Amino acid sequence: SYNWNFGNSTNTNQTSPQVIYANPGNYIVTLTATSNNNCVSSGTTLVSVFPNPNVSFNAASVCQGNTTQFNNTSGVSSGSIINWLWDLNGDSNADSTTQNPTFVYASAGTHVVSLTAITNNNCVSTYTNIVNVNALPNVAFTVNNACQGTATQFTNNSTISSGQITSYQWAFGNGSGTFQNNPAIIYSNVGTYIATLTATSNNNC
């Protein structure tokens with residue numbers, strides 16, 4: 001017969017057992033073998049259990065098309081982390097191996113990001129979180145051509161896929177502007193003017 005003592009208050013009579021240690025550390029493991037003649041022999045060895053990395057990161061919300069900066073806050077209680085594997089777009093492939101990568105998302109919304117850390121003792125942990133990318137306003141407007149001295153009416157057709165548009169700023173190409181939604185202006189001189197509309201969302205996009 002065999003009797004294993006794993007040094008963590010557990011034991012077994014299996015021939016070739018496996019044990020999962022809940023905590024890292026050094027454990028004294030003892031195997032006692034008994035023959036059919038009741039002869040007994042024991043052997044002892046030291047087993048080292050290395051810690052898994054504590055993986056975490058954060059990233060501030062950005063506007064669509066801007067750069068997302070990832071802040072890696074991972075660590076390990078002993079040893080060191082030697083490899084980082086970032087899946088930045090949810091396709092289960094490593095997109096970056098740098099500690100604090102950047103990424104530009106083409107689409108607005110929530111994006112699933114996973115970080116896998118590997119220590120010098122080949123212990124591996126993965127952490128998954130989401131990052132938010134705020135939508136840009138889709139700016140559009142129509143305008144009627146007018147005769148000199150009559151009002152030119154601007155009609156604002158801007159939209160946004162998520163969030164709200166909170167402000168508009170018009171520049172009429174003649175040095176004047178307004179913050180109205182659907183303004184009208186009388187151009188004093190005949191000519192062609194380039195009008196610009198800037199829309200800002202509640203997320204400052």
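Start by colouring by accessibility: 29% of the 205 residues of the protein count as buried, meaning under 20% relative accessible area with a 1.4 Å probe and protein chains only. This is a predicted model, where local features need pLDDT of at least 70, side-chain atom pairs count only at pLDDT 80 or more, and totals for chains, interfaces and linings use all residues. Numbering runs from 1 along each chain as its sequence is written, and side-chain values use heavy atoms, without hydrogens or water.

Next, switch to cartoon. You will find 17 strands and zero helices, taken as DSSP runs (E, at least two residues, for strands; H or I, at least four, for helices) and numbered from the N terminus. Zoom out: the C-alpha trace spans about 120 × 25 × 25 Å along its principal axes.

Now select Phe-70, Trp-86, Tyr-105 and Val-113, which touch the most other members of the 14-residue largest nonpolar core. Such a core is a set of buried Ala, Val, Leu, Ile, Met, Phe, Trp, Tyr and Cys residues joined through side-chain atoms within 4.5 Å. Strands S8 (81-87), S10 (109-119) and S11 (124-134) each give two or more residues to this core.

Stay on Tyr-105. Which residues does Tyr-105 touch, not counting those up to four places away in sequence? Among them are Phe-70, Leu-88, His-111, Val-113, Val-131 and Val-133, where contact means heavy atoms within 4.5 Å.

Finally, move to a second, separate core of eleven residues, including Ala-135, Tyr-168, Tyr-187 and Leu-197.

Note on methods: Buried < 20%, exposed > 50% of the residue type's maximum accessible area, 1.4 Å probe, protein only.
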